[in-house]
Each structure stands twice: as C-alpha cells, then as structure tokens.
Amino acid sequence: MPEGFKSIAEILNKEPALAAVRKVIKQSDVVVEFSAIFPEFKKLVRAKKVEKNILFLKVENSVLRSELKFKETLLVDKINKFFNEERIRGIRFI
C-alpha cells in the first residue's frame, strides 16, 4: 500500500471517532453468531438484539426459558469465551 494510506480495517479498529461503530459491530456479531455458539438451540431460541451489553433472546417454550434462566451465567460465559472478550453481561428472555 502506498505510504500514508490506511486500510479500512485499520481505520475501523483504531480511529477514536468510530468507537460507537465498533461497539455496534461487536453487538451485532453476538446476534449473528448465536446459532454457531449454541447449535443445540437453533430451532427453539433466537437472538434478537443486544442493548447495553444485555442479550435479548426469544424463547418459544416457557419450560426452556426457565431452564435457560437458571443457566444464564454459563451462557454468558460461553458467549464471552467465544469472542475472547466481555461482550455480554446478562441475558433477558422475551
């Protein structure tokens, strides 16, 4: 690359003015990758959105919703380990 030019990835990752964009990208990655992290939930649970580091999950079955609520800490840990950083602090079921 010619001197003085920066790649788009370099700009996205390092430009302080784009911190909000990086945060939105990281949050949307959690929603997109949810079925890859938890393939066993593919048909029953859907990640809807992330707001303020809270993942919103749509669960079709009330019994499964209760069971997942008890395992919330394990789910959060598995998501954060997948991304090697803390992206999620909690889960809200809808």
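Residues are numbered from 1 along each chain as its sequence is written, and side-chain values use heavy atoms, with hydrogens and water left out. Because the model is predicted, local features need pLDDT of at least 70 and side-chain atom pairs count only at pLDDT 80 or more, while totals for chains, interfaces and linings use all residues.

Helices and strands are taken as DSSP runs, numbered from the N terminus (helices are H or I with at least four residues, strands E with at least two). Strands count as paired if DSSP finds at least two bridges between them. On this basis, the model contains an open sheet of 3 strands in the order S1-S2-S3, with mixed pairing. Strand S1 (45-51) and strand S3 (90-93) are at the edges; each has a single partner strand, so one side of each is left without a neighbour in the sheet. Neighbouring strands of the sheet are turned by 30 degrees against each other on average, with direction ignored.

Strands S1 and S2 run antiparallel and are joined by 6 bridges. Within this pair, valine 45 stands opposite valine 59 in S2. The two strands form a hairpin with 2 residues between them. Lysine 52 is in the loop between S1 and S2 and has a positive phi of about 50 degrees although it is not a glycine. In general, most residues other than glycine have a negative phi. Lysine 52 is also exposed, with a relative accessible area of 69%. For accessibility, buried means under 20% relative accessible area, exposed means over 50%, and partly exposed lies in between (1.4 Å probe, protein chains only).

The bridge partner of phenylalanine 56 in S3 is arginine 92. Directions are compared through axes, which are lines fitted to C-alpha atoms (for helices over the stretch in contact), and angles run from 0 to 180 degrees between N-to-C directions. Helix H3 (residues 62-70) touches S1, S2 and S3, and its direction makes about 165 degrees with that of S3. Helix H4 (residues 72-83) touches S2 and S3, and its direction makes about 120 degrees with that of S3.

Helix H4 also packs against helix H2 (residues 19-37), at an angle of about 105 degrees and with the axes 11 Å apart. H2 and H4 are therefore roughly perpendicular to each other; angles under 35 degrees count as roughly parallel, over 145 as roughly antiparallel, 65 to 115 as roughly perpendicular and the rest as oblique. The contact is made by Asp29, Val30, Glu33, Phe34 and Ile37 of H2 together with Lys78, Ile79, Phe82 and Phe83 of H4. By class, this contact has 6 nonpolar, no polar and 3 charged residues. Here Ala, Val, Leu, Ile, Met, Phe, Trp, Tyr, Cys and Pro count as nonpolar, Asp, Glu, Lys and Arg as charged, and the others, Gly among them, as polar. Aspartate 29 of H2 is partly exposed, at 28% relative accessibility. Residues up to four places away in sequence not counted, aspartate 29 touches Phe83 and Arg87.

A nonpolar core is a set of buried Ala, Val, Leu, Ile, Met, Phe, Trp, Tyr and Cys residues joined through side-chain atoms within 4.5 Å. The largest such core has 20 residues, of which Phe34, Val45, Leu55, Leu57, Leu68 and Ile79 touch the most other members. The elements that give two or more residues to this core are H2, S1, S2, H3, H4 and S3. H4 gives the most, with 4 residues. Leucine 68 touches Phe41, Val45, Val59, Leu75 and Phe93, not counting residues up to four places away in sequence.

Glutamate 72 is found in helix H4 and is buried, with a relative accessible area of 16%. Its neighbours within four places in sequence left aside, glutamate 72 is in contact with Gly90 and Ile91. The C-alpha atoms of glutamate 72 and isoleucine 91 are separated by 6.6 Å, although these residues are 19 residues apart along the chain. Asparagine 84 lies in the loop between H4 and S3 and counts as exposed, at 71% relative accessibility. Its phi is near 55 degrees, a positive value in a residue other than glycine.

How values were computed: Contact means heavy atoms within 4.5 Å.
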